[in-house]
Amino acid sequence: MENTPPRLIAAELPQFNQLRLPYDLYTDTDIKQRVVYVEASRGCPFTCEFCLSALDIPVRQAALEEFLKAMQSLFDRGLRLFKFVDRTFNLNLRVSQAILEFFLDRYVPGLFLHFEMIPDRFPDQLRELVKKFPAGSLQFEVGIQTFNDDVADYISRKQDNAAVERNLGFLHSETGIHVHADLIVGLPGESLESFGGGFDKLIAMQPEEIQVGILKRLRGTPIIRHDVDWHMVYSRSAPYEVLQTKLMSFSELQRMKRFARYWDLVANSGNFLMTTPLLWSDRSPFAAFLAFSDWLFDASNRTAGISLTRLAELVFVYLTEHLQRDKQQVATALWTDYQRGGRTDRPLFLREFITASSDVASTRASARTLPRQQRRSDA
């Protein structure tokens, strides 16, 4: 019997010295109208089992001089938003320092840089450097994923949580960096309660955004080795999200999908900066927002297509009628938030509490549609 050839033939990972940097292919329209992605490295040294980057080892680095020359060309052509897709930008200290210094030397208003950072690796050299950037010019995406040490061990994730806490505390208190932190729901060994504990811990570190993602079984990743022991059940359709685990029921994961969507609409959007903390006050932020999420779904019967005015009204009703918060306090917070994006119309439900002249002059002076980061920096 003839040997059956393999269905997949693994290819060698390309090295940067075998590649031509493609940045001159970006058109002027790309630079003016689109997000432009760049990369100084490829690969990841870690082996987190849910991630395709775990298969992309070792890390390969672009020739620094050639890369910075390409960045200079993009900058000279007018590019001001650079989104780095390196999986571990701060892995190589020499390179990350050089790139940050390159952009700091050329800083102009409107320059914005996005980096994916290893959350527990932030030496003093990088700390001193990032403190020099103006507020709102840097965004760090930091993948926390879980604070549960047992879960981290199951998925082969190495993370010093004490260092994470120190580093996020530094970024919040001593820099103007916009921090976007990620947590994953449905990892093997993670219950609703343990996820909630990690969520509350992250809230206390005060990142600007927390992305709550649902675990996906990406083809080729070794997360499948836990399917039997942890009773992992995934959707058969892309994006192959987890539907049930040994510790999280189907109904709990459906609740968390709604939680993630509403958290993005309310907390991450920048539209409810003053109002969001009123949802939990002195109780667990996770438990409080999960209760709000359940109520909001019952009240709206949808997770998409909710206008900002309608969402603000639902938040007002929940805070004042369900939580018995002071109506004037809630209305004032909502009105301040509502104007942050340059809106001047007074929603009908606020007119009893907000006079026609409240803050109109200051709002008109800055009336514009602002991205999430700008809404937060203007707060």
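Modeller: A residue is called buried when its relative accessible area is under 20%. The model shown here is predicted. At 0% relative accessibility, F115 therefore counts as buried. F84, at 1%, is likewise buried.

Biologist: What percentage of the residues in the protein chain do buried residues make up?

Modeller: Buried residues account for 49% of the 379 residues.

Biologist: How are the rings of F84 and F115 arranged as a pair?

Modeller: Planes under 30 degrees apart count as stacked, over 60 as edge-to-face, and the rest as tilted. The ring centres of F84 and F115 lie 4.7 Å apart with planes at 40°, so this pair is tilted. F84 belongs to strand 4 (residues 81-84) and F115 to strand 5 (residues 112-117), so the pair ties together parts that are 31 residues apart in sequence.

Biologist: How many aromatic pairs does a search of the whole structure find?

Modeller: The search gives 30 aromatic pairs. Another of them joins Y23 and Y26: the centres are 6.5 Å apart and the planes stand at 20°, so the pair is stacked. Both of these tyrosines are buried. One aromatic cluster includes Y23, Y26, F84 and F115, with F82 and F89 also among its members.

Biologist: Which helices and strands make up the overall picture, and how many are there?

Modeller: The protein chain has 13 helices and 10 strands. Its radius of gyration is 23 Å, close to the 21 Å from the globule rule for 379 residues, so the chain is as compact as a globular protein of that length.

Note on methods
Residues numbered from 1 in each chain as written. Predicted model: local features only at pLDDT ≥ 70, side-chain atom pairs only at ≥ 80, totals over all residues. Heavy atoms only, no water. Helix = DSSP H or I, 4+ residues; strand = E, 2+ residues; numbered from the N terminus. Rg over C-alpha atoms; globule rule 2.2 N^0.38 Å. Buried < 20%, exposed > 50% of the residue type's maximum accessible area, 1.4 Å probe, protein only. Phe/Tyr/Trp six-rings, centres within 6.5 Å; stacked < 30°, edge-to-face > 60°.
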